[in-house]
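Please keep the sequence and the model in view while reading.

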Amino acid sequence: MILQKDEIKKCLPQREPFLMVDRVVDFDEKGGIVAELDLPESLPFFKGHFPNMPIMPGVLMTEALAQTCGLYVALAKKNAAGGNSGCAAEDAADCAEGCEADNPFGGDSGELFFLASSNVKFKSVVRAGATLTMKAQQGRGFGGLYSFSASAYNGRELAATGTIVLASKENVKL
């Protein structure tokens, strides 16, 4: 385990009930990021989507992927500042340490926004009780725009795949 929820909160601005990453299980600047979200039936959206067959809404899977991509940017910036190219399980505290200072969502380093998703396809449903595994790898990035190839899995089964684009504050009209 690389990051737990308390450490993730140092790197992302979202909070419950909208924090969609429970843990980061793998991170490497060249290999990407792997994160997980547990989906207990007690989550609020399962009450209405759908009462007799609780499944995770696709738009929330997309948001979970975007947050995973945001974590990648935060950890990559932190590692670039510290010269570390990956976070080993034994370095969990060190991996998140400095995220607050280098947090792309606040402070001197600006903010990131979920700018776009494209070609997102939902391949299978994810039911209450499952663990959603999100994988993302950065593609092109320039001028404060970050493009990712991202996928979500329910076990070994592909649940969603597509492109996620994040943008720095300078690229967003507020």
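## Strand pairing

Two strands are said to pair if DSSP finds at least two bridges between them; helices (H or I, at least four residues) and strands (E, at least two) are DSSP runs, numbered from the N terminus. In this predicted model, strand β4 (residues 131–142) and strand β5 (residues 145–154) run antiparallel and are joined by nine bridges. Within that pairing, Ala136 has Ala150 of β5 as its bridge partner. Two residues separate the strands in the hairpin of β4 and β5, where Gly143 adopts a positive phi near 55°.

Strand β5 also pairs with strand β6 (residues 157–168): the two run antiparallel, with 10 bridges between them. Here Phe148 stands opposite Ile164 of β6. This hairpin, too, has two residues between its strands, and Gly155 in the turn shows a positive phi of about 65°.

## Basis and confidence of the model

Residues are numbered from 1 along each chain as its sequence is written. Because the model is predicted, local features need pLDDT of at least 70 and side-chain atom pairs count only at pLDDT 80 or more, while totals for chains, interfaces and linings use all residues; side-chain values use heavy atoms, with hydrogens and water left out.

The predictor's confidence in each residue, from 0 to 100, is called pLDDT. It averages 87 over the protein chain, and 84% of the residues score at least 70. Among the elements, strand β2 (residues 32–38) has the highest mean pLDDT, at 98, whereas helix α4 (residues 99–102) has the lowest, at 54. Over residues 101–110 the pLDDT stays under 50. For that stretch the model has 26 contacts (heavy atoms within 4.5 Å) beyond four places in sequence.

## The nonpolar core

A nonpolar core is a set of buried Ala, Val, Leu, Ile, Met, Phe, Trp, Tyr and Cys residues joined through side-chain atoms within 4.5 Å. Buried means under 20% relative accessible area, exposed over 50%, and partly exposed in between (1.4 Å probe, protein chains only). The largest core in this model contains 43 residues, of which Val24, Met56, Leu132, Phe148 and Leu166 touch the most other members. Two or more residues come from each of β1 (23–28), β2, α2 (58–82), β4, β5 and β6. Helix α2 gives the most, with 12 residues. In soluble globular proteins, nonpolar side chains tend to be buried together.

Beyond its neighbours within four places in sequence, Leu166 contacts a set of residues that includes Ala66, Cys69, Gly70 and Val73, as well as Leu145, Tyr146 and Phe148.

## Aromatic pairs

Rings of Phe, Tyr and Trp (its six-membered ring) pair if their centres lie within 6.5 Å; planes under 30 degrees apart count as stacked, over 60 as edge-to-face and the rest as tilted. The whole structure holds three aromatic pairs. In one, the rings of Phe27 and Tyr72 have centres 5.5 Å apart and planes at 55°, so the pair is tilted. Phe27 belongs to strand β1 and Tyr72 to helix α2, so this pair ties together parts that are 45 residues apart in sequence. Phe27 is buried at 2% relative accessibility, and Tyr72 is buried at 5%.

The rings of Phe45 and Phe46 also form a tilted pair, with centres 4.5 Å apart and planes at 55°. Phe45 counts as buried at 19% relative accessibility, as does Phe46 at 2%. Phe27, Tyr72 and Phe148 form one aromatic cluster.

## A buried glutamate

Glu36 is placed in strand β2 and is buried, with a relative accessible area of 18%. Its side chain makes a polar contact of 2.7 Å with the side chain of Arg23. Such a contact is a pair of N or O atoms within 3.5 Å; within protein, one must be able to donate a hydrogen and the other to accept it, and residues adjacent in sequence count only if both atoms are side-chain atoms. Not counting residues up to four places away in sequence, Glu36 touches Val21, Asp22, Arg23, Val25, Thr131, Leu132, Thr133 and Met134.

## Backbone exceptions

Most residues other than glycine have a negative phi, and most peptide bonds are trans. The bond from Glu16 to Pro17 is cis, with omega near 10°; Pro17 is found in the loop between α1 (5–8) and β1. The bond from His49 to Phe50 is likewise cis, with omega near -5°, and Phe50 lies in the loop between β2 and α2.

Asn119, although not a glycine, has a positive phi of about 50°. This residue is in strand β3 (residues 112–122) and counts as exposed, at 60% relative accessibility.
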